[in-house]
Amino acid sequence: MQKCSMCLKEAQLMQSHLIPKFAYKAVQDGKKRSLPIGEYSNEAATFVQSGIRTPLLCHECEEILSSYEGELKKFIDEIQDGSTRVQEDPEGEILLTRNF
């Protein structure tokens, strides 16, 4: 048992993604492999199948964080699709509006 980095309780830790899994989609090949982000060397790179993972969070905290990652993914997809929630004011500041 190790200490969860989020709740600080002793628990069995999950293999947590350091970068949300959806962030790799843009750089994956047809086999859903990608090159590791942030690794640079003169040697041949090794593909990673599911992003960089490390024992970090307990199951409960992994589920909580996963729900926020899901909401972030929806929001990023919405922005990329030209959401009306993202607007620019006359001074060039970006505004986020909420649709209720």
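Student: Which side chain does the side chain of Ser16 make a polar contact with?
Tutor: In this predicted model, the partner is the side chain of Glu62, at 2.6 Å.

Student: And where is Ser16 found, in which strand?
Tutor: Ser16 belongs to strand E3, which covers residues 13–17.

Student: Is Ser16 buried or exposed, and why?
Tutor: Ser16 is buried, because its relative accessibility is 1% and the cut-off for buried is under 20%.

Student: Okay, what else is Ser16 in contact with, leaving aside neighbours within four places in sequence?
Tutor: Besides Glu62, the list has Ile52, Arg53, Thr54, Leu56 and Leu57.

Student: Leu13 now. What does that one touch, not counting residues up to four places away in sequence?
Tutor: Leu13 touches Gln2, Lys3 and Cys4, and also Pro55, Leu56, Leu57 and Cys58.

Student: Which residues are in the largest nonpolar core?
Tutor: Six residues form that core: Leu13 and Leu57, together with Ala11 and the cysteines Cys4, Cys58 and Cys61.

Student: Zooming out, how many helices and strands are there in the protein?
Tutor: You'll find one helix and six strands. From the N terminus, the order is β-β-β-β-α-β-β.

Student: How much of the protein is buried?
Tutor: Of its 100 residues, 17% are buried.

Student: Last one: of contacts between residues at least 6 apart in sequence, how many join residues at least 24 apart?
Tutor: The share is 49%.

Methods
Residues numbered from 1 in each chain as written. Predicted model: local features only at pLDDT ≥ 70, side-chain atom pairs only at ≥ 80, totals over all residues. Heavy atoms only, no water. Helix = DSSP H or I, 4+ residues; strand = E, 2+ residues; numbered from the N terminus. Buried < 20%, exposed > 50% of the residue type's maximum accessible area, 1.4 Å probe, protein only. Polar contact = N/O pair within 3.5 Å; in protein donor to acceptor, adjacent residues only side chain to side chain. Contact = heavy atoms within 4.5 Å. Core = buried A, V, L, I, M, F, W, Y, C linked by side-chain atoms within 4.5 Å.
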